[in-house]
Each structure stands twice: as C-alpha cells, then as structure tokens.
Amino acid sequence: MSSDSIDNLMHEERRFPPPEAFAKTAIATDELYDDARSDRLAFWAKQARELLTWHTDFTQTLDWSGAPVARWFHDGELNVAYNCLDRHVEAGNGDRVAINWEGEPGDTRTITYAELTADVKRAANMLTDLGIGKGDTVAIYLPNVPEAVISMLAVARIGAIHSVVFGGFSAESLRSRIDDASAKLVITADGGWRKGKVSPLKPAVDGALALEKDTAHTVEHVLVVKRGENEVDWVEGRDVWWHDRFEAAAPEHEAQPFNAEHPLFILYTSGTTGKPKGIIHTSGGYLTQATFTHKNVFDLHPETDVYWCTADVGWITGHSYAVYGPLSNGATSVLYEGTPDAPHPARWFELIQKYKVSIFYTAPTAIRSYMKLGRASLDAFDLSSIRLLGSVGEPINPEAWIWYRDVVGGGTAPIVDTWWQTETGAIMISALPGVTTLKPGSAQVPLPGISIDVLDEAGHPVPPGGGGLLVVTEPWPSMLRGIWGDPERFRETYWSKFGTKYFAGDGARKDEDGDIWLLGRVDDVMNVSGHRLSTAEIESALVSHPIVAESAVVGAADEATGQAVVAFVVLRSEKAAGQTKDEASALLRSHVATQIGAIARPKQVFIVDELPKTRSGKIMRRLLQDVVEGRPIGDTMTLADATVMQTIADQLR
Ligand code: WTA
C-alpha cells in the first residue's frame, strides 16, 4: 500500500453517468437502496422469497446470536439445484439455452435448461449409486467442461458438499484438500485442453492418492470423465468411468429439501499461514445473494442476454457467477474450456462475436494482457453485442478501465467493478449500472443491504478522503459460516481485530463522495492474476526442497499479473554444492510448480546469503519488496543486522 497509488487515484476526475437508454430498462433502480435502508433484514427476506423457491418458508431472517457464525433464513428449506434447474423447466423455459459450451479445440455443446436438468438428475442418481449421501464431501478436479457444472449441481441436489479444486493445482495441493475435507469421492477427467494440447488431470489424482501421509486418505472412488482421450492408469475397484455410471443411473430424481443452513460447498483459499483455509458456504443465504447480485449488478434480462463470466469453476467467481448466480436466474451463459490465447491471441473476442455475448465479466489481468496485444488484432471482431462489462479480482487501474470500455464496450458500455472475496461468497461493493455514475478505478458503493466501512487501526471510521482497513459492519446472507474443521482460526483471522465487524484483509480509501477505492491486501497474501496466493504457502514449498535453508516470498508489482511471485532463498551449502545460482533458481521454480501448481511458480528466485530479519527473527518482506520494485529501501532500523539489505541489493545488481 504505497502512498503512490493513493495519489494516482486522487487525480482521477473522469465520470460516466449511466447511458439514458440503459437506465430506462435497467433491472436495478434507486428504490433498492431506499428499501434496504429502511429495513435491511426485511429487504433480504423479500429478496430471498422473491428470487428463490422455498420448499418451506422461513420465519426468522437472521440469527446472529451465535456470532461470528450467522444463520440466515435458518428454519427455511430449499433445494439449491432445484432452484437452478427444475423450476425454470416448470415455468416453461426448458428450451432456453443454459450453457453454450465451447471446448478449446472448437468443439461445442449447447445445453438447454431441460437437458441440464435431466443430466443433473441422472448424475444425482449416479452419485447415490456410488454411496454418496447427505453431508458427504466430494472433491471435484475437472477442467471447465459441462460435467464440472453438472457435478456441482448433482452434489448439491443430494445434499452432499462439494470442494472444487482448480485443475491447475498439483497432486500435493489436491491431496491436502482431499484430506482436510475427508472427501469420499473425487470427480476428475482423463485430461482437458489447455494451450493447444491435452493437459492430463487423472495422473495428479493418482499421485495425490498415492502420497505417503500420516493418515490414510478417505477416497472410495475416483469418477473419471472422458475428455482428453489421453491414456490413463486405472486402479480396479476404485476408478470408474463417468459415462459408464451415468448411463447406468436412473433418469428420474426428485429434489429433496434441505435446511437453509445446510453446507453447500467448501472452497479453499490462501491465508497468511501455510495451510489453505476451507471456506464454508451454506445454501439459502448464499443462493439469495448470488442470485440477487447476479441479476442486479449485471442487469440480467434472462430472455435476451448472453452472459459470459470467464472464470474457471475452480474459483469462487466461477462458483457464484459461472454456476449458481446465472443458473438460478435462468440466464443463458457461455462456458469456455481453454486459455484466452489458444489457438490465437484473441480467442475470447472471437467467442464474444460468435455467441453475441452481451454481458462480459472478467479480471483486470486478462484486460491488461489484451491491452498489450493492441487494438488491431481485436478490431477484427464484432463486439457490438456487448452492453455491460464487469471486472473482479484486483483493483482495475483507470487506464485499463478506459481501454476496456472503449475497445470491448464500444465506448458506451457501463463497467461494474465488483469487490468481493471467497469469504463473502458474492459481490459486496459495486456500482449498479443503471443508477451509479461511474468512476474509473473505484469499486464505489456497497450494494443495497450491505454495510461497509473503512476503519483506522483503532477501529474508528476514517473521515472522507482517509485510508484504512476495509470492514463489513453487519452480517450478510452469503457470508462464510466458518473454516472447515477450524472454528478457532475462523475467529482469529476475521473477527479478532474489530469484534463483530468482519475484517477483510484489504486496505481501502474513502473519497470525498464516500466512494471506496481498494488498495490491495494488507496481510501476507499476494494477488497474482486475480488469484490469492499466500507467501507462507510458497515459502513452505520452497523450504521443503532439500537444498533450501530459508526462504522469503514477496509479491512484486507486475504490469501483466498485478503482482508476481518473487522468492529469496538461502541455500544449504552442503546440499547445494556444485550448483550454479541459475541452476538452483530454475530447479526451485519448477519445484514450487509441482508442489502447489503452475500458478504459484515464482517469476524469479534470487539466491541470497541472508534474509533481512528483525531481532525477534521475523522476516521483513516489505524491505525485499522495496528492492524488487526498485524503490529506495525503507527503514532498516529494526533489522538485527542493518547491512543485510545492502548486501542483498548489491547481489541483485
Ligand atoms: C481482491 C475473488 C480490488 C481483494 C472474488 C480481495 C479486488 C481478494 C476486487 C479476494 C476488486 C477482488 N477491486 N480488489 N474489484 N475484487 N479483489 O477470494 O484483495 O479470490 O480481498 O475472491 O481479491 O480474492 P478471492
């Protein structure tokens, strides 16, 4: 959080009121703010009843007596999959396309709501046949293929709990997530298409389950989708093909009601200690807010819009805005399997043109990489279908914002910059596109029904123009209900700083109008291409290599990815003997990729003699960050050895 970024933002004077035509037909109006202000809980109760179909109505909206664990709509009952599927078919919309799926090689599948409902019913029976029941956890390790969506919904339909693990994570990472959640079943694929070739997935599952750990794993079956057509090893009795079991399963399945607070999924996210946190989300509150925000923030007209959220289903954005939000609203979506640059750099733009996408939701890192390509390669595509753009995952700098609006949005489309987290489950801060006058670079205002503030260290709200820590001051429907298996860590991480106000870990500034500008993480968590990675997790991966004695990891400002992983490593001289620094550095970069996944591979690994530490032995990462970002080195007063930083700086030069 440098003072630089604050200055830059303060000079941003451009303003974009909603286009008149847009405002005229906009779903969300000013009234929502009035409603929510006059009675916040009544507002959410109304949204829950209007947007969802309940098997049993609830009598209490919020029970906060067990703070910080909230219960929303807790005596209500619903089935999340029924809300995303059957009810649309029953309403006569079975022929509407739910998913326009495109594989990276260009193969496609068009799936209507009637078809998706039928597939999920059969898949629900398939899971029951495999011994999965209410409360069991299922790990899903799949590419962005329709079976990923079908699996999530089938798990939800039978009251089991899914834990989707992004397909880019390594065998190690997968195993720790399988163990933490005691998963009974893993759903994976032989492989998926990425960057023009099949990237195998099954070997990582085999590897994960073969790892020697203190306790045996809990997995009974591995259900394998055939996608990559690559050769796979097979463990008889454990491994089963999706297509065999799917065809053998009964087609009819009646969705049973579950309590609003029944867990829907666990999703692992990085924290400040090495171990990822299993964020728990439940059913009624989560679906209410995912549905509400998807409809109002994206101005969804389900009869006419084609909506595309580019996130992988393995991240929270994929959960809330590629699966649950859009399907609950009966939207027509695009789902794409591959990378944005395969087989040509402007593949996403080709897809916008092909499917006439009208609402497009992506991350600043993708926007910046398209900016680098230049307009010429993008101008070849007709993007005139676009009428609304969204951004998520990190602060979007005003230049990227303007480029996004001009080049992708035809110079007119409103942009909603949406702030939220895995923990918040759904969007918390965003403009409403038909109401708010937009300010490039600011996420702007809390949504109706959401209470946000910026506090100083002592817990006092900062005055207009001031900077501090972002908090959510009142419970919200889609808030996390805990960390799987670790209630203490839940309290400690989010609630120990400001009591019953949720501490998000982000720095923010409130401007003179009260609009919010996000300033990035204040903890030791980096944001690389919109994905959270913890310095501690990467450090422990580095130290797990025999040649490493000590390591420190920092996020360094990076034009393309927001932040890049940069590691400083002290080698164990006896083990590293004979290796050049370049060799050691290359070795450790790929070691991190195998331990955690390619996404965590350090951009650079510097081999140094010593790390900067305080007298109590705490590594001062901020000083290392100064060096890699080319700033004068900050205060070294508290260092045990004040010369260390100079040595490091000299070594890097
Ligand atoms: C950052 C992704 C600025 C923030 C949905 C947050 C943002 C973390 C924005 C959560 C935004 C997300 N502007 N920063 N619009 N959206 N962030 O859990 O630091 O993967 O705490 O959830 O991303 O990342 P997560």
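Begin by selecting Arg 532, where a polar side-chain atom lies 2.8 Å from an oxygen atom of the ligand, a polar contact in the sense of a pair of N or O atoms within 3.5 Å. The model in your viewer is predicted, so that local features are given only at pLDDT of at least 70 and side-chain atom pairs only at pLDDT 80 or more, while totals for chains, interfaces and linings use all residues. Residues are numbered from 1 along each chain as its sequence is written, and side-chain values use heavy atoms, with hydrogens and water left out.

Now show the whole shell of 17 residues around the ligand, among which Asp 417, Thr 418, Thr 422, Arg 521 and Arg 532 come nearest; a residue counts as near if one of its heavy atoms lies within 4 Å. Colouring this shell by class gives six nonpolar, six polar and five charged residues, with Asp, Glu, Lys and Arg as charged, Ala, Val, Leu, Ile, Met, Phe, Trp, Tyr, Cys and Pro as nonpolar, and the others, Gly among them, as polar. At least two shell residues come from each of α13 (316–328), β20 (415–418) and β25 (516–521), where helices (H or I, at least four residues) and strands (E, at least two) are DSSP runs numbered from the N terminus.

Next, select helix α9 (residues 171–181) and helix α10 (residues 202–210), whose axes come within 8 Å and cross at roughly 60 degrees (lines fitted to C-alpha atoms over the stretch in contact, with angles from 0 to 180 degrees between N-to-C directions). That angle makes α9 oblique to α10, because angles under 35 degrees count as roughly parallel, over 145 as roughly antiparallel, 65 to 115 as roughly perpendicular and the rest as oblique.

Finish in the loops, with Pro 68 between β1 (62–63) and β2 (71–72), where the peptide bond from Ala 67 is cis, with omega near 5 degrees.

Notes. A polar contact is a pair of N or O atoms within 3.5 Å; within protein, one must be able to donate a hydrogen and the other to accept it, and residues adjacent in sequence count only if both atoms are side-chain atoms.
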